[in-house]
Amino acid sequence: MMDFSKTQMKHGQAVMHGDSHRADTGDDMSLAGITVVISLASLIGVWGLACLASALVQSGGVLGLGVAWVSAVFGF
């Protein structure tokens, strides 16, 4: 229920003050959606960097990783 006790008239139209009404719920939903997308993208990025670091360690460095990548992609 809306509290109309804080409503005032200005130029013939009702004006609500402060915390009695929020008209920007769409903006809040957009902000929540963007926050979720950015959080998931960050987790995926961190996971990718962890996988790259693991591959570098297991292959013996950048050169070994390059050789293994070429071998995996081209088959030789």
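Phe-76 belongs to the segment after α2.

Together with Trp-69, Val-70, Val-73 and Phe-74, Phe-76 makes a nonpolar surface patch of about 580 Å². Patches consist of residues with over 30% relative accessible area and no salt bridge; like charges are joined within 9 Å, and nonpolar side chains (Val, Leu, Ile, Met, Phe, Trp, Tyr) within 5 Å. A salt bridge is a side-chain nitrogen of Lys or Arg within 4 Å of a carboxyl oxygen of Asp or Glu.

## The chain as a whole

The chain has two helices and two strands, and from the N terminus its elements run β-β-α-α. Helices (H or I, at least four residues) and strands (E, at least two) are DSSP runs, numbered from the N terminus.

Of the 76 residues of the chain, 3% count as buried. The accessible surface of the chain is about 6,600 Å², and 70% of this area belongs to carbon and sulfur atoms. Such areas come from the Shrake-Rupley method with a 1.4 Å probe; for residues, only the protein chains shown count as cover.

The expected span is 1.5 Å times one less than the number of residues. Gly-60, with a positive phi near 90 degrees, follows α1.

Helix α2 (residues 62–74) has 13 residues and reaches 18 Å from its first C-alpha to its last, close to the expected 18 Å. Gly-75 follows α2, and its phi is positive, near 85 degrees.

## Ser-59

Ser-59 is found in helix α1 and is partly exposed, with a relative accessible area of 27%. Not counting residues up to four places away in sequence, Ser-59 touches Gly-64 and Leu-65; contact means heavy atoms within 4.5 Å.

A polar atom of the Ser-59 side chain lies 3.2 Å from the backbone oxygen of Gly-61. The backbone nitrogen of Leu-65 also lies 3.2 Å from a polar atom of that side chain.

## Basis of the values

Residues are numbered from 1 along each chain as its sequence is written, and side-chain values use heavy atoms, leaving out hydrogens and water. As the model is predicted, local features need pLDDT of at least 70 and side-chain atom pairs count only at pLDDT 80 or more, while totals for chains, interfaces and linings use all residues.

How values were computed: Buried means under 20% relative accessible area, exposed over 50%, partly exposed in between (1.4 Å probe, protein chains only). A polar contact is a pair of N or O atoms within 3.5 Å; within protein, one must be able to donate a hydrogen and the other to accept it, and residues adjacent in sequence count only if both atoms are side-chain atoms.
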